[in-house]
Amino acid sequence: MARGAVGTALLHIERAWTGSGTWNIAQAHIRRAAAGPVDAARLVTAAARIGRGEPATFAEYDLFYGLTGLGALLLRRSPENDVLAGILRYVVSLTQPYRRGGVELPGWWVDHNPDEILPTPGGHANFGMAHGAAGLLALLALATARGCVVEGQRDAIAYLTGWFDQWRQDSADGPWWPQWVTREELRTGRPPLGQTDVRHPV
């Protein structure tokens, strides 16, 4: 992505977003990225990582740098593309939990911290649109609405909505969800009290 048309399109989107470029130029690069053949090497890399039993990273699947973002672009511009089907199958695979160190982890679990100043020893599962479950759910739901469906997609949507139901927290101000959960929180089934100051409602 760093050297191809998708990376160039993302650069121009960022420039337009910050005011140092125009949306017309960004849209032209988006059209160019979606018009040509899409390199599926990231899917091969992800499959190899899954085969080795290693955890995912934000860069592999997130909306900004990874396959969820590429899938959203293809869904909008080239929904019949075979690579989109491969990405949807990959996202479905991320809803398959696995056991590691005696704890059941969701497939989008990462070992790294969500932020340099907010450590999560042992990793975390993110809830957000950019780096977590909300982005995965949004892509699968939008693809389903467009009629782009692969095997297991509806079950994956049910798993993700169940995940949000499980972690919903009620308060006087309305429901909220943690930004992420750690291994300890998975073990206890609830986010720790006293840490809601760094968690925001979805």
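Student: Which residues have the most contacts inside the largest nonpolar core?
Tutor: We are looking at a predicted model, where local features need pLDDT of at least 70, side-chain atom pairs count only at pLDDT 80 or more, and totals for chains, interfaces and linings use all residues. A nonpolar core is a set of buried Ala, Val, Leu, Ile, Met, Phe, Trp, Tyr and Cys residues joined through side-chain atoms within 4.5 Å. Buried means under 20% relative accessible area, exposed over 50% and partly exposed in between, using a 1.4 Å probe and protein chains only. The largest core has 42 residues, and those with the most contacts inside it are Tyr61, Ile87, Trp108 and Trp163.

Student: Which elements each supply at least two residues of this core?
Tutor: Residues are numbered from 1 along each chain as its sequence is written, and side-chain values use heavy atoms, with hydrogens and water left out. Helices (H or I, at least four residues) and strands (E, at least two) are DSSP runs, numbered from the N terminus. With those names in hand, the elements that each supply at least two core residues are H3 (41-51), H4 (58-61), H5 (67-77), H6 (82-93), S2 (103-105), H7 and H8 (153-167).

Student: What does isoleucine 87 touch, not counting residues up to four places away in sequence?
Tutor: Contact here means heavy atoms within 4.5 Å. As background, nonpolar side chains tend to be buried together in soluble globular proteins. With residues up to four places away set aside, isoleucine 87 touches Leu43, Leu67, Leu70, Gly71, Leu74 and Leu139.

Student: Why is H5 largely enclosed by the rest of the structure, and which of its residues are buried?
Tutor: Eight of the 11 residues of H5 are buried, so this helix is largely enclosed. The buried ones are Leu67, Thr68, Gly69, Leu70, Gly71, Leu73, Leu74 and Leu75.

Student: How many salt bridges are there?
Tutor: Side chains of opposite charge can pair when their charged atoms come close. The rule for a salt bridge is a side-chain nitrogen of Lys or Arg within 4 Å of a carboxyl oxygen of Asp or Glu. By this rule, the count is five.

Student: Arginine 49 forms a salt bridge with glutamate 60, but how far apart are the closest N and O atoms?
Tutor: The pair links distant parts of the chain, with arginine 49 in helix H3 and glutamate 60 in helix H4, 11 residues apart. Arginine 49 counts as buried because its relative accessibility is 8%. Glutamate 60 is buried too, at 12%. Their closest N and O atoms are apart by 2.5 Å.

Student: What is the relative accessible area of aspartate 170?
Tutor: Aspartate 170 forms a salt bridge with arginine 168, the closest N and O atoms being 2.9 Å apart. Arginine 168 counts as partly exposed, at 41%. Aspartate 170 is exposed, because its relative accessible area is 59%.

Student: With which residues is threonine 182 in contact, leaving aside its neighbours within four places in sequence?
Tutor: Threonine 182 sits in the loop between S4 and helix H9 (183-188). Its relative accessible area is 14%, so threonine 182 is buried. Leaving aside those neighbours, its contacts are with Trp109, Thr120 and Gly123.

Student: How far apart in space are proline 178 and arginine 190, C-alpha to C-alpha?
Tutor: Proline 178 is in the loop between H8 and strand S4 (180-181). At 1% relative accessibility, proline 178 counts as buried. Proline 178 and arginine 190 are 12 residues apart in sequence, and in space their C-alpha atoms are apart by 9.5 Å.
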